[in-house]
Amino acid sequence: ATRLPDGTDWSSMLPHGSYWKRDGRWLCITPNGHFGDVSKHAITEHADMTITVSPSILVTGGGESWHGYLERGVWREC
């Protein structure tokens, strides 16, 4: 996973598996390319600038979904 600079504009093409903070909200692009807002999850920001999100992340759209975890910047599918 790649942490992008805070304030990144999500409307541009972003790499799958990236995450960033914008206007106080944590946002992500799942490994399969879905945009997600995880700001209602519990977020732990680690000293190395990675994050852990809990509980699991579920993003659906276009007939596809992604369900899994982001732990210390590493995505893991359920």
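Ile43 in strand E5 (42-45) has Val53 of E6 as its bridge partner. The two strands belong to an open sheet of four, ordered E5-E6-E7-E8 with antiparallel pairing. This is a predicted model: local features need pLDDT of at least 70, side-chain atom pairs count only at pLDDT 80 or more, and totals for chains, interfaces and linings use all residues. Residues are numbered from 1 along each chain as its sequence is written, and side-chain values use heavy atoms, with hydrogens and water left out.

**Sheet**

- Strands (E, at least two residues) and helices (H or I, at least four) are DSSP runs, numbered from the N terminus.
- Two strands count as paired if DSSP finds at least two bridges between them.
- Strands of a sheet pair through backbone hydrogen bonds, either parallel or antiparallel.
- E5 pairs with strand E6 (residues 51-61) over four bridges, in the antiparallel sense.
- E6 and strand E7 (residues 64-71) run antiparallel and are joined by six bridges.
- Leu58 has His67 of E7 as its bridge partner.
- E7 and E8 also run antiparallel, with four bridges between them.
- Glu71 is bridged to Val74 in E8.
- Which strands stand at the edges? Strand E5 (42-45) and strand E8 (74-77) do; each has a single partner strand, so one side of each lacks a neighbour in the sheet.
- From one strand to the next, the twist averages 35°. Axes are lines fitted to C-alpha atoms, for helices over the stretch in contact, and angles run from 0 to 180 degrees between N-to-C directions.

**Hairpin turns**

- The hairpin of E6 and E7 has two residues between the strands, and Gly62 there takes a positive phi near 60°.
- E7 and E8 form a hairpin, again with two residues between them. Arg72 in this turn has a positive phi of about 50°.

**Nonpolar cores**

- A nonpolar core is a set of buried Ala, Val, Leu, Ile, Met, Phe, Trp, Tyr and Cys residues joined through side-chain atoms within 4.5 Å.
- Buried means under 20% relative accessible area, exposed over 50%, and partly exposed in between (1.4 Å probe, protein chains only).
- In soluble globular proteins, nonpolar side chains tend to be buried together.
- The largest core has eleven residues, among them Tyr19, Trp26, Cys28, Val38, Ile51 and Leu70.
- E3, E6 and E7 each supply at least two residues of this core. E6 gives the most, with four.
- Val59 is another member of this core. Contact means heavy atoms within 4.5 Å; leaving out residues up to four places away in sequence, Val59 touches Thr30, His34, Phe35, Gly36, Glu64, Ser65 and Trp66.
- A second, separate core has five residues, including Leu4, Leu14, Trp20 and Leu27.

**Thr8**

- Thr8 lies in the loop between strand E1 (2-3) and strand E2 (18-22).
- Is Thr8 buried or exposed? Thr8 counts as buried, at 14% relative accessibility.
- Beyond its neighbours within four places in sequence, Thr8 is in contact with Leu14, Trp20 and Arg22.

**Aromatic pair**

- Rings of Phe, Tyr and Trp (its six-membered ring) pair if their centres lie within 6.5 Å; planes under 30 degrees apart count as stacked, over 60 as edge-to-face and the rest as tilted.
- The count under this rule is one aromatic pair. Trp66 and Trp75 form this edge-to-face pair, at 5.1 Å centre to centre and 90° between the planes.
- Trp66 is buried at 4% relative accessibility. Trp75 is buried at 15%.

**Salt bridges**

- The structure holds five salt bridges, each a side-chain nitrogen of Lys or Arg within 4 Å of a carboxyl oxygen of Asp or Glu.
- Arg25 and Asp37 form one, with the closest N and O atoms 2.6 Å apart. Arg25 lies in strand E3 (residues 25-29) and Asp37 in strand E4 (residues 35-37), so the pair ties together parts twelve residues apart in sequence.
- Arg25 is partly exposed at 40% relative accessibility, and Asp37 is partly exposed at 33%.
- Arg3 bridges to Asp6, with the closest N and O atoms 3.0 Å apart. Asp6 is partly exposed at 48%.
- Glu71 and Arg76 meet in a salt bridge at 3.0 Å, N to O. Glu71 is partly exposed at 32%, as is Arg76 at 41%.
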